[in-house]
Amino acid sequence: MWTYQHKYFIVHQLPVLQDNYIYIIQDRHSPVVCVVDPALAKPVIEACTQLNITPTHILNTHHHWDHTDGNQQLVQTYQCTVVGNQDDASRIPYIKQTITANSNFSLGHLHIQSLEVYGHTLGHIAFVIDDALFCGDTLFGAGCGRLFEGSFAQMWQSLQKLAALDKPTKVYCAHEYTLVNLAFAQSVDADNIYLQQRIRNDKNKRLHKQPTIPSTIGLELQTNPFLRPLDPKFCSTYSQTHAVETKPLQVFTALREARNHF
Ligand code: ZN
Ligand code: FE
C-alpha cells in the first residue's frame with residue numbers, strides 16, 4: 001500500500017489482481033472514506049482495519065467487474081453507499097446514490113466533480129477532487145482505455161476533457177499498464193525527450209516494485225501518445241509517416257488502432 005498526502009484528503013493505493021489499483025480516499029475533515037473501484041473487497045477490508053478507518057462510500061467509474069466486484073461484500077461489511085453514474089445504474093451492483101455525469105456533489109468535505117468520459121464504456125465517468133483525478137480505464141499512464149462501447153470520437157473528446165485539467169493534477173488510474181504503454185509510445189514518438197526520460201524513470205520504479213501511478217496531467221501531455229495529437233507538430237509528423245489526415249481525431253484514431261495490434 002502507498003499513501004499520498006493531499007491538502008484536504010489522503011489517498012491510499014492498493015495493488016490488487018494482476019495490475020489493478022484500488023484507491024481509498026480519506027477526508028481529513030470528516031469521517032468520509034471513499035473506496036474507488038473495488039475490484040475485490042478483502043484487500044480493502046484489510047487495509048481499512050490496518051488504517052483504522054471505515055469506508056462510507058464506494059465510487060465506481062464504470063461497471064466492469066474489475067472495478068465493482070468488491071461492492072457487495074463492502075456494502076455488507078460497512079453499509080457503505082455505492083455512488084455511480086445514473087446512466088449506468090442498471091449495470092453497477094448495489095448502486096444507491098446516482099449522480100449525473102458532468103455534475104458536482106459533496107461527500108463530507110470532499111467536493112467532487114464527475115466528468116462524462118464515454119469511450120471505454122458508455123457510462124464511464126471520472127471523478128475530480130481538487131488536484132486528484134480518478135479516471136478508471138479512460139486515461140492510463142502513457143495510454144488510454146480500449147474502446148469497448150464508445151466511438152473514437154467519444155474517447156477523443158473524453159481525453160481532451162482530462163487533458164484540460166490543471167497540469168499538476170495527479171492521475172490516479174485503475175491499472176498499472178505504463179511500461180507496455182511506454183513501449184508503444186516509443187514506437188510512435190521516438191524523438192520525444194520527455195518520453196525518453198519517463199521510460200528511464202518508470203522502468204526504474206517498476207524495477208524497485210514501485211507504482212508508476214499516479215502520474216500528472218502535465219507528464220501525460222508531454223508523453224502520452226493518445227494526448228500527443230493535441231500538438232500540431234506531432235500531428236503533421238505522424239500524418240506524413242502514416243498516411244492519415246493531419247486532424248487530431250484522425251491521428252488519435254490511427255494511434256488507437258495501431259495500439260490494438262501492438
Ligand atoms: Zn474497464
Ligand atoms: Fe479495468
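Me: Why is the arrangement of donor atoms around the zinc ion (ligand 1) called irregular?

Reply: Donors are N, O and S atoms within 2.8 Å of the metal (3.2 Å for Na, K and Ca), and water is not among the atoms, so sites may look incomplete. Four donors count as tetrahedral if all angles lie between 85 and 135 degrees; four count as square planar and six as octahedral if opposite donors are over 155 degrees apart and all others between 65 and 115; anything else is irregular. Here the 4 donor atoms subtend angles of 88 to 173°, which makes the arrangement irregular. This is a predicted model, in which local features need pLDDT of at least 70, side-chain atom pairs count only at pLDDT 80 or more, and totals for chains, interfaces and linings use all residues. Residues are numbered from 1 along each chain as its sequence is written, chains are lettered from A and ligands numbered from 1 in the order in which they are written, and side-chain values use heavy atoms, without hydrogens and water.

Me: Which residues are the protein donors of the zinc ion (ligand 1)?

Reply: They are His-62 (NE2), His-64 (ND1), His-120 (NE2) and Asp-137 (OD), lying 2.2 Å from the zinc ion.

Me: Is His-62 buried or exposed?

Reply: Buried means under 20% relative accessible area, exposed over 50%, partly exposed in between (1.4 Å probe, protein chains only). His-62 counts as buried at 0%, and His-120 is buried at 4%.

Me: Which residue bridges the zinc ion (ligand 1) and the iron ion (ligand 2)?

Reply: Asp-137 does so, and the two ions lie 3.3 Å apart. The iron ion also has Asp-66 (OD), His-67 (NE2) and His-175 (NE2) among its protein donors.
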